[in-house]
Amino acid sequence: MSVSAPATDSLPDLAPGEPIIEVRGLVSRFAEHTVHDGLDLTVRRGEVLGLVGGSGAGKSVLLNTLIGLKQPDGGQVKVLGVDIHRAHGREMDGVERRWGVLFQGGALFSSLSVRENIAAPMREHTALPTSIIGELADLKLAMAGLAADVSLLKPAELSGGMRKRVALARAIALDPELLFLDEPTAGLDPIGAEQFDKLIRELSDAMGLTVFMITHDLDSLYAITDRVAVIADRKIVATAPVRELERSDHPWIREYFLGPRGRAAHTDATGADDGPEPAAAPERGPERRPERRGGAR
Ligand SMILES: Nc1ncnc2c1ncn2[C@@H]1O[C@H](COP(=O)(O)OP(=O)(O)OP(=O)(O)O)[C@@H](O)[C@H]1O
Ligand SMILES: [Mg+2]
């Protein structure tokens, strides 16, 4: 069951494989601090794209820029065919209801019940009656793998993994074409993280969703991404399937994928320790290590 037809008649339709996100020459600054400098990125319709980079490299700032929460200091950002930073009013409302966002940390409303949290985007963007919104919210809860009896609980009464699923249910509330996820498996136990990965891939396949996923979780990269973009030195330095990135000469990428955790993830994913030679130690390693599940191996 889907939410009522969105008011997006005037927005362009995109064919599979066409760019759904196009970033050209993005410059982002906070006062004197330049976070992005000439960043380019293309995300294709229907793919699961992972975004990796050191802590503070500008991943969350990029996400905020893509959804119009941060104004760029240069360059152009097109999402779903719309120039996000020139769009306003009806056009922005129309495009906002075609994407869902799971923010880093979940960001649920603590005073609202689970059902009210999931219902919030439907209240904001549709004129559906309250009873229908409640039913749709419970349906999204089920799609995110939670039982109906958590619907009336408050976020504080849930485990971390359950909160992630509620945040995912809210992100898919409006049947989005595009899903933004910021560290969706951070803080989950290995089994919970694996289930969450599977859920995201299933939703992507079943709903034809494009997924833009920021992650440090190497297992997620191997398990569910079609391509991975790497942010370093204020730019996207590579975008490729994870197996191609393993062959990159870029020092940060080599350290990331060919350090002990990267090699273990490769071995788990392929069943064979046939990865490239281990990386020589770079002069300056990543500020944040890639994460493996169940502790470092
Ligand atoms: N509102 C803000 N005001 C000033 N500086 C900010 C603001 N938001 C982010 N920054 C800075 O921008 C840089 C990039 O931050 P961002 O949150 O995008 O990092 P990240 O790549 O998501 O890191 P992490 O992996 O730790 O989540 C950081 O140096 C951060 O301090
Ligand atoms: Mg972040």
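**Around the ligand, and beyond**

Ligand 1 has 12 residues around it, and F30, S55, K59, S60 and V61 come nearest; here a residue is near a molecule if its C-beta atom, placed from the backbone, lies within 6 Å of it. Keep in mind that this is a predicted model: local features need pLDDT of at least 70, side-chain atom pairs count only at pLDDT 80 or more, and totals for chains, interfaces and linings use all residues. Residues are numbered from 1 along each chain as its sequence is written, while chains are lettered from A and ligands numbered from 1 in the order in which they are written.

**More on the ligand shell**

- The shell around ligand 1 divides into 4 nonpolar, 6 polar and 2 charged residues.
- Which helix gives the most to the shell around ligand 1? That's α1, with 3 residues.
- Helices (H or I, at least four residues) and strands (E, at least two) are DSSP runs, numbered from the N terminus.

**The four-stranded sheet**

- An open sheet of 4 strands has the order β2-β1-β4-β5, with antiparallel pairing; two strands pair if DSSP finds at least two bridges between them.
- Its edge strands are β2 (33–44) and β5 (82–83), and each pairs on one side only.
- β1 (residues 19–30) pairs with β2 over 9 bridges in the antiparallel sense, and I21 stands opposite V43 in β2.
- β1 is also joined to β4, by 5 bridges, and these two run antiparallel; V23 stands opposite V77 in β4.
- β4 and β5 pair over 2 bridges, again in the antiparallel sense, and V79 stands opposite V82 in β5.
- β4 and β5 make a hairpin with 2 residues between them, and L80 in the turn has a positive phi of about 55°.
- Helix α1 (residues 59–66) lies across β1, β2 and β4 (74–79), running at about 120° to β1.
- Such angles run from 0 to 180 degrees between N-to-C directions, and axes are lines fitted to C-alpha atoms, for helices over the stretch in contact.
- Two residues are in contact if their C-beta atoms, placed from the backbone, lie within 7 Å.

**The six-stranded sheet**

- Another open sheet has 6 strands in the order β6-β7-β8-β3-β9-β10, and its pairing is mixed.
- β6 (99–102) and β10 (235–240) are the edge strands here, each pairing on one side only.
- Neighbouring strands of this sheet are turned by 15° against each other on average, direction ignored.
- β7 (residues 178–182) and β8 (residues 210–214) pair in the parallel sense over 5 bridges, and the bridge partner of D182 in β8 is I214.
- Helix α5 lies across β6 and β7, running at about 165° to β6.

**A helix with buried residues**

- In α3 (residues 114–125), V114, R115, N117, I118, A119, P121 and M122 are buried, each having 20 or more other C-beta atoms within 10 Å of its own, with C-beta atoms placed from the backbone.
- What covers these buried residues of α3 includes α4 (130–143) and α5 (160–171).

**How confident is the model?**

- The average pLDDT (the predictor's confidence in each residue, from 0 to 100) is 85, and 86% of the residues score at least 70.
- Over residues 4–10 the pLDDT is below 50, and this stretch has 8 contacts in the model beyond near neighbours in sequence.
- Residues 279–286 stay under 50 too, with 12 contacts beyond four places in sequence.
- Where pLDDT is low, the predicted coordinates should not be read in detail.

Conventions
Ala, Val, Leu, Ile, Met, Phe, Trp, Tyr, Cys and Pro count as nonpolar, Asp, Glu, Lys and Arg as charged, and the others, Gly among them, as polar. A residue is buried if 20 or more other C-beta atoms lie within 10 Å of its own, exposed if 12 or fewer, and partly exposed in between; C-beta atoms are placed from the backbone.
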